[in-house]
Amino acid sequence: MPSSSDKPESKRPRALPIPKGISDLPLFTPDSSIASDVIPSANFGERKGGRQPDMVILHYTGMPDVDGAITKLCTAGTEVSAHYIVLEDGRIVQCVPEALRAWHAGLSSWGGEEDINSCSIGIEIVNRGHDWGYPDFPPRQIAAVIALCRGIMLRRNVPAHRVLGHSDVAPSRKKDPGEKFPWHSLANSGVGHWVQPAAITKGETLKLGSIGDDVKGLQKALARYGYGVPITGKFDGLTMEVVTAFQRHFRPEKIDGIADRSTLWTLHALLTSLPAEDSAPRV
Ligand SMILES: [Zn+2]
């Protein structure tokens, strides 16, 4: 029988699972000095055309437990991986070296580029996600995400506005990291692009079925920001999905896929606050 002086199990960091079938993979030195563990993933390739990463894509794992998530992201045959996994207690595990192409974004696009895996670093944040109750992100975990992103941004010269969510680059398929993700807190530390969302008011809206130049203007603004949306002048299903993704990231108070005034003004404020140097060639 344990004595009363035994420390509770919860105070000790839990050992991380070592997925089967990765024992042959070489360990590597983590790129981030704050990554505490390396669990090599079998799922990676070369970045196409020698493309260097200048984006960071944030995800949630969307699985009921951390062991299952690590196993899925590292085991051969699942065809998914990420460079980093950030646990709820703030521990950071690296699974794929940053120089290589991890398989986290899938079919996606941003700013006209479609091979997002080749131009990004992928970070999986352990959270059960929308299908499993979608808990809040613990502050320790968010602090770790911020520190990890800041290091990557410095080392890789990633501008703040190119730290994005999976839902931004794959709005038809993905919701992660979702509306509970505290983008405003990240922005306070210089990670990600954020403006205070415009207040929700009554007034004209653009929504599914709307047609005309105003819709075209909305699509142009979304595309200029980076979203993959064709400029047709018709507010179709895809446009609604992109507006929904935009709201999930930038106006999380109301996510309905309707481009109300608050959505339009928030998008406009984001566009006008993009750094001017982004239009200049990068050196
Ligand atoms: Zn994802």
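Modeller: Here is the helix, then the backbone. This is a predicted model, in which local features need pLDDT of at least 70, side-chain atom pairs count only at pLDDT 80 or more, and totals for chains, interfaces and linings use all residues. Residues are numbered from 1 along each chain as its sequence is written.

Start with helix H1, residues 66-74. Helices (H or I, at least four residues) and strands (E, at least two) are DSSP runs, numbered from the N terminus. Val66, Ala69, Ile70, Leu73 and Cys74 of H1 are buried. Seen down the H1 axis, these buried residues fall within an arc of 115°, so they line one face of the helix. That arc is taken from the directions from the helix axis to the C-beta atoms. The buried residues pack against strand S4 (84-86) and strand S7 (120-125). Contact here means C-beta atoms, placed from the backbone, within 7 Å.

A residue is buried if 20 or more other C-beta atoms lie within 10 Å of its own, exposed if 12 or fewer, and partly exposed in between; C-beta atoms are placed from the backbone.

Now the loop between H1 and S4, where Glu79 sits. Phi of Glu79 is positive, near 60°. Glu79 has 9 C-beta neighbours inside 10 Å, so Glu79 counts as exposed.

Most residues other than glycine have a negative phi, and most peptide bonds are trans.

Asn157 also has a positive phi, about 60°. Its loop lies between helix H3 (139-156) and strand S8 (163-165). With 13 C-beta neighbours inside 10 Å, Asn157 is partly exposed.

Last, a cis peptide bond joins Asp176 and Pro177, with omega about 5°. Pro177 is in the loop between helix H4 (166-169) and helix H5 (183-188).

Key: Contact = placed C-beta atoms within 7 Å.
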